[in-house]
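Here is a short report on one chain and two of its residues. Start with the overall fold, then move to the local detail.

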Amino acid sequence: MNARCFTVFVSVLFFGFPPAIYTQSLTLTGLQNLNFGDTIFPGINKTVARTDGNAAKFMISGDINKEVRITFSLPTVLELTGNTMSIHFSSTDAAYNTLEFGQSTATAFDPNNAVITRLGLDGKLYIWLGGTVAPTHTQPAGTYANDIVLEVQYTGN
Amino acid sequence: MKHPSTSLAIALVAVAGLLMVLSGQVQAQITTTVTASGTVLTPITVTGTNLSFGTSIFPGINKSVARTSADAASFTISGEASKEVTATFTLPTNLVKGADNLPISFSTTDGGHSTSSTGQSTATAFDPNSGVTTTLSTTGNLYIWLGGTVSPAHNQAAGAYTGDITISLVYTGN
């Protein structure tokens with residue numbers, strides 16, 4: 001191998017190779033919507049805790065014990081034709097756990113920032129999300145809604 | 001004909017590219033979407049008519065308007081049926097005409113509320129200085145009346161005096 005070839009080889013070896021090759025795909029499922037119910041009073045904030053039965057719930061499935069980065073795209077308002085209602089998410093409104101029924105003991109995190117954690121020994125990870133809506137005193141009546149998007153990717157670790 | 005080392009280099013680059021593509025596939029971002037939703041109840045609205053002490057207030061003689069009088073202020077409130085609201089007043093201590101003041105006061109029974117528009121005479125009394133918490137009717141209505149008393153001095157300057165009475169209504173959440 002001449003010098004030129006060696007240089008290319010070293011470049012590939014140290015810069016081109018991915019850190020790992022995973023054999024199982026990563027899947028993500030939204031199991032439940034975030035539901036503030038049908039009794040939001042104008043002028044009174046309403047909160048759904050991450051531990052509440054009405055919190056949003058997600059399931060991630062992939063390679064056992066592999067690290068993933070979790071990122072939310074969160075709305076700032078819920079919408080009803082021509083009207084909006086503020087929604088916000090506190091720094092402890094999200095939580096994850098490798099146990100499906102571990103909502104109450106899940107580890108809290110800030111849904112406004114990405115978090116990195118590992119899939120469980122069965123390749124699963126569960127995420128819950130609460131939030132707070134803040135209707136004004138004159139908030140028009142009706143059902144407001146908007147999308148919450150969850151994005152997941154392997155970190156390579 | 002290509003030099004063998006050139007072919008090797010091309011092959012290595014191709015393999016590297018393939019591996020990067022594979023790496024990109026397995027580390028690609030995946031997304032899912034759920035919905036956040038909730039239903040807002042009917043907001044509270046209120047309209048009012050004025051509290052009128054008339055055009056014949058004698059200097060030195062107090063004049064009262066009862067909550068049951070046709071001259072009492074009245075407020076018509078609407079909102080979500082059968083939900084609880086709190087009404088509070090911002091009450092003046094004087095009616096004003098230019099630089100002149102006419103004292104006004106509100107007793108502990110000068111407020112009255114009813115879920116019936118015709119219920120003024122039988123309305124439940126309350127102290128307008130502290131407000132009241134009550135429940136809207138099954139059709140989402142509430143009616144409030146307000147009386148008061150003005151206390152002109154013996155040398156009260158003649159003329160029409162006025163002041164603002166403000167009512168605020170909020171849901172309690174019940």
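Chain B has 1 helix and 13 strands. Helices (H or I, at least four residues) and strands (E, at least two) are DSSP runs, numbered from the N terminus. In sequence order the pattern is α-β-β-β-β-β-β-β-β-β-β-β-β-β.

This is a predicted model: local features need pLDDT of at least 70, side-chain atom pairs need pLDDT 80 or more, and totals for chains, interfaces and linings use all residues. Residues are numbered from 1 along each chain as its sequence is written, and side-chain values use heavy atoms, without hydrogens and water.

Chain B has 174 residues, and 38% of them count as buried. Buried means under 20% relative accessible area, exposed over 50%, and partly exposed in between (1.4 Å probe, protein chains only). Among contacts (heavy atoms within 4.5 Å) in chain B between residues at least 6 apart in sequence, 76% join residues at least 24 apart.

| Residue | Relative accessible area |
|---|---|
| B:His113 | 13%, buried |
| B:Lys63 | 27%, partly exposed |

B:His113 sits in strand 8 (residues 111–114). Leaving out residues up to four places away in sequence, B:His113 touches several residues, including B:Phe126, B:Leu142 and B:Trp145.

B:Lys63 lies in strand 3 (residues 63–65). B:Lys63 and B:Gly148 are 85 residues apart in sequence, yet 8.4 Å apart in space, C-alpha to C-alpha. The B:Lys63 side chain also reaches the backbone oxygen of B:Phe53 at 3.0 Å.

Terms used. Chains lettered and ligands numbered in written order. Polar contact = N/O pair within 3.5 Å; in protein donor to acceptor, adjacent residues only side chain to side chain.
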